[in-house]
Amino acid sequence: MRVLIVGAAGMLGTKLALRLASEGVLGGREIESIALADVVAPAVPAGDVPVDTVVCDVASPGAARGLLAAARPHVIFDLAAVVSGEAETDFEKGYRVNLDGTRGLLEAVRGAGDDYRPRVVFSSSIAVFGPPFPEVIGDAQATTPATSYGTQKAIAELLLADYSRRELLDGVGIRLPTICVRPGAPNRAASGFFSGIIREPLNGREAVLPVARDVRHWFASPRAAVRFLMHAATIDTAELGTHRSLTMPGVSATVADEIAALRRVGGDAAAALIREEPDEMVARIVDGWPQAFDARRAAALGFVAEADFDEIVRVHVEDELGNAPSTMKRPA
Ligand SMILES: NC(=O)c1ccc[n+]([C@@H]2O[C@H](COP(=O)([O-])OP(=O)(O)OC[C@H]3O[C@@H](n4cnc5c(N)ncnc54)[C@H](O)[C@@H]3O)[C@@H](O)[C@H]2O)c1
């Protein structure tokens with residue numbers, strides 16, 4: 001099996017590439033080669049599988065065609081995206097990367113000929129849903145995005161379904177929850193604090209909390225997200241029918257739940273590093289986000305997230321901190 005990851009230098013792309021290269025199998029099939037493409041050079045993961053890296057802008061004319069001609073992958077992970085904040089402030093860039101980039105990739109598959117029909121796993125988002133929300137959002141909820149990013153993802157979901165219906169490819173869209181705890185440096189995404197209030201204190205650093213503690217949202221860990229992507233690459237799509245996109249399972253938690261979980265792992269010292277600094281703009285944005293889902297369709301198809309926020313923190317500690325947060329390493 002040959003695999004292509006577009007957006008491979010990003011947070012999830014890097015983790016997915018590492019897992020595929022180290023395991024060497026996907027859905028029980030041996031991985032012959034992995035191609036990693038991104039506008040910035042992707043890191044080459046350790047492992048026995050041959051890895052090829054390509055630096056390209058997937059939204060530029062001919063780029064996607066070139067990627068497919070080189071590798072003719074059986075599985076394509078479409079992860080390249082401009083995140084929600086940037087897609088809102090830079091209208092043209094958002095549509096170019098998130099919509100035109102994905103459409104270009106689907107068109108390149110269509111144009112490849114010889115009955116080429118790869119599995120395409122598209123990373124969608126719960127941002128395809130907009131208010132007003134029921135308390136718990138079911139699988140039949142209409143996609144009514146309230147942002148340009150959500151709109152771009154929703155259009156791409158429709159394209160994926162139509163190209164699949166016409167048997168031009170075999171698509172699965174997975175609507176990821178907010179991925180938490182996001183490793184690395186803090187970013188300026190409006191959702192950044194959900195990760196920041198765990199990641200920074202566990203590293204002995206202060207974190208700013210811009211919203212009230214009763215704010216509730218929908219989460220899964222990076223490890224769960226990689227699992228979702230790999231499972232989406234191998235499920236029997238006959239079970240999806242014409243509805244090719246699935247809301248992923250996750251954990252519905254409040255900021256207070258997050259802080260309680262942080263305290264259980266890092267102690268009072270970690271929790272004391274959270275500084276409340278209300279930001280009305282962030283609070284307003286977050287107010288328009290979904291809080292909880294009943295993702296039973298995905299669950300029935302075998303997608304599994306964490307059971308609670310404690311598990312999300314535990315995964316972060318295991319995967320990013322070598323099992324010991326620095327707040328625990330400091331002498332009492
Ligand atoms: N992380 C989350 O919380 C979350 C939630 C919902 C959906 N998603 C989706 O999952 C995917 C991966 O998320 P992530 O957190 O790894 O994002 P990320 O921002 O870390 O990675 C995205 C990657 O896409 C690359 N990229 C951007 N424009 C490109 C272009 N024109 N050509 C080629 N590559 C380009 C970027 O360089 C980056 O490496 C994205 O599609 C994102 O929208 C993520």
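A search of the whole structure finds eight aromatic pairs. Here, rings of Phe, Tyr and Trp (its six-membered ring) pair if their centres lie within 6.5 Å; planes under 30 degrees apart count as stacked, over 60 as edge-to-face and the rest as tilted. The structure is a predicted model, in which local features need pLDDT of at least 70 and side-chain atom pairs count only at pLDDT 80 or more, while totals for chains, interfaces and linings use all residues. Residues are numbered from 1 along each chain as its sequence is written, and side-chain values use heavy atoms, with hydrogens and water left out.

One of the aromatic pairs joins Phe 194 and Trp 289. Phe 194 belongs to helix α6 (residues 192-202). Trp 289 sits in the loop between α9 (280-287) and α10 (296-300). The pair thus links distant parts of the chain, 95 residues apart. Helices (H or I, at least four residues) and strands (E, at least two) are DSSP runs, numbered from the N terminus. Both Phe 194 and Trp 289 are buried. Buried means under 20% relative accessible area, exposed over 50%, and partly exposed in between (1.4 Å probe, protein chains only).

Trp 218 and Phe 293 have ring centres 5.4 Å apart and planes at 55°, so this pair is also tilted. Trp 218 lies in strand β11 and Phe 293 in the loop between α9 and α10, so the pair ties together parts that are 75 residues apart in sequence. Trp 218 counts as buried, at 5% relative accessibility. Phe 293 counts as buried too, at 7%. Ring pairs also link Phe 193, Phe 194, Phe 219, Trp 289 and Phe 309 into a cluster.

Strand β11 is part of an open sheet of three strands. The order is β9-β11-β13, and the pairing is mixed. Two strands pair if DSSP finds at least two bridges between them. The edge strands, β9 (178-179) and β13 (251-254), each pair on one side only. Strand β11 (residues 216-220) runs antiparallel to β13, and four bridges join them. Phe 219, a member of the ring cluster, stands opposite Val 251 in β13.

In soluble globular proteins, nonpolar side chains tend to be buried together. A nonpolar core is a set of buried Ala, Val, Leu, Ile, Met, Phe, Trp, Tyr and Cys residues joined through side-chain atoms within 4.5 Å. The largest such core holds 40 residues. Ile 5, Leu 20, Leu 26, Phe 77 and Phe 303 touch the most other members. Elements that each supply at least two residues include β1 (2-6), α1 (11-23) and α7 (222-232). The largest share, seven residues, comes from α7. Beyond its neighbours within four places in sequence, Leu 26 is in contact (heavy atoms within 4.5 Å) with residues including Met 1, Val 3, Phe 77 and Met 230. Apart from this core lies another, of 29 residues, among them Ile 197, Ala 207, Leu 209 and Ile 312.

The protein chain as a whole has twelve helices and 14 strands. Its C-alpha trace spans about 65 × 45 × 40 Å along its principal axes. Buried residues make up 51% of the 332 residues. Among contacts between residues at least 6 apart in sequence, 77% join residues at least 24 apart.
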